Amino acid sequence: MVTFNVVLVTYKNLDRSIKFIDDFLSFTNIKPGCIVVVDNSMDNFYFEGLRKHFFNNANKCTFLSLDTSIKKMCEIALMGDFNSTKIVIAQSNSNLMYAGGNNLGFCISQSVMYSKYILFSNDDVLFHNNYIDIRKMLTIFNEDSSVGIVGPKVVGLDGKDQSPFKYTSIYKRIIFPNIIYPFKLPSNNNLIHLDKCSYVYRVVGAFMIVDSDKFSECSMFDSDSGLYSEEQILSEKMLCKGYKTFYNPDVLVIHEEGGSSGDGYLNFIRKSIRLNKSSCYYFRKYKNVNRIIFLLARASVYLYVVKYVAVHFLTLLLGRIYHNKFLNFRKYNI
């Protein structure tokens, strides 16, 4: 039986996806049975780019025969050998985003080559010191059969922690931060800093390993969650089944966050709305928050956006006023 497979969801990130797979196969201490790349771009340019890189003349590929349930999400999937590893490239019929794309990749990987564990990863992940100790992560599952998810230490390019997280109520997570802004800037108030192996509420979904049987038992990711709350919902579903999430800081990866969602003023607003709406969905469906509190949380999201836009333009206006005053001062005093 294969120990683990890898599922990678990409969206118009050809170079990143190729680099991630090349690096992972070079730096991991355990080779995966297969790597499934789900291309969410719906653009033949990216799909063909992946095919040409992994399946050149020396690496012939074949079309996969897909189940009817999978064909609803993906009609084309190619499989071939690359560096002694099975590679599957699947082109989704629509942008399934993180949750739907990973569910598709999981189903394909298990139909191609069943594995006990699945590594879900973003393509904007780098490996510290050109090494990744997958064995150290997999060992946790053998030591505690109740563990359903294992995540490593994930830091950004700035060296700051991006995982793990504790549970935080809807008041502390959404309502209060949105209402009191800009008197206090929003922050990851559920992010915790740990230097030792621990059970936690959840880890970041940029790089994590799940027990495939437990993942299936929990009905995989919730594809209705939108963006940014997928791993939080999965951890909650695991917890309801009696399964734990484990954080192992002895393994380190670097997350170039922003490679998938983009940067900039407008992207920040879009991301804030999606993040808050997704969190509201999580609290409503999985934490049984009553409708009044749910609506209050949703309203606070838009209140935050209005205030953020106002603060942004006020800052620009004041900056221009003081800049003009400075220029006039120099003009008459030089």
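**Burial, Pairing and Packing**

Trainee: What makes strand β6 (residues 115–121) largely enclosed by the rest of the structure?

Mentor: Six of the seven residues of strand β6 are buried, so the strand is largely enclosed by the rest of the structure. Buried means under 20% relative accessible area, exposed over 50%, and partly exposed in between (1.4 Å probe, protein chains only). Strands (E, at least two residues) and helices (H or I, at least four) are DSSP runs, numbered from the N terminus. The model is predicted, so local features need pLDDT of at least 70 and side-chain atom pairs count only at pLDDT 80 or more, while totals for chains, interfaces and linings use all residues. Residues are numbered from 1 along each chain as its sequence is written, and side-chain values use heavy atoms, with hydrogens and water left out.

Trainee: How do you know that β6 pairs with strand β10 (residues 207–211)?

Mentor: Five bridges join the two strands, which run antiparallel. Pairing requires that DSSP find at least two bridges between the strands, so β6 and β10 qualify. Within this pair, Leu119 stands opposite Ile209 in β10.

Trainee: Why is Glu236 called buried?

Mentor: Glu236 has 5% relative accessibility, and therefore counts as buried. Its place is in helix α8 (residues 230–240). Leaving aside neighbours within four places in sequence, Glu236 is in contact (heavy atoms within 4.5 Å) with Tyr201, Tyr282, Tyr286 and Lys287.

Trainee: Are Asn40 and Gln91 buried or exposed?

Mentor: Asn40, in the loop between β2 (34–39) and α2, counts as buried because its relative accessibility is 1%. Beyond its neighbours within four places in sequence, Asn40 has contacts that include Val9, Tyr11, Ser92 and Gly101. Gln91, in strand β5 (residues 85–92), is also buried, with a relative accessible area of 10%. Among the contacts of Gln91, again leaving aside neighbours within four places in sequence, are Asp39, Phe47, Met73 and Cys74.

Trainee: Which class does each of Cys197 and Cys240 fall into?

Mentor: Cys197 is partly exposed, because its relative accessible area is 36%. Cys240 counts as exposed because its relative accessibility is 63%.

Trainee: How do you know that Cys240 is in no disulfide?

Mentor: A disulfide is a pair of cysteine sulfur atoms within 2.5 Å. The nearest cysteine sulfur to that of Cys240 belongs to Cys218 and is 8.5 Å away, so Cys240 is in no disulfide. A search of the whole structure finds zero disulfides.

Trainee: What makes a group of residues a nonpolar core, and which members of the largest one touch the most others?

Mentor: A nonpolar core is a set of buried Ala, Val, Leu, Ile, Met, Phe, Trp, Tyr and Cys residues joined through side-chain atoms within 4.5 Å. Of the 44 residues in the largest core, Phe24, Ile134 and Phe207 touch the most other members. Helix α1 (residues 14–27) gives the largest share of this core, seven residues. A second, separate core of 19 residues includes Leu194, Val200, Phe215 and Tyr243. Not counting residues up to four places away in sequence, Phe24 touches Phe4, Val6, Pro32, Leu119, Phe127, Ile132, Ile134 and Phe207. Leu119 of this list is the residue that stands opposite Ile209 in β10.
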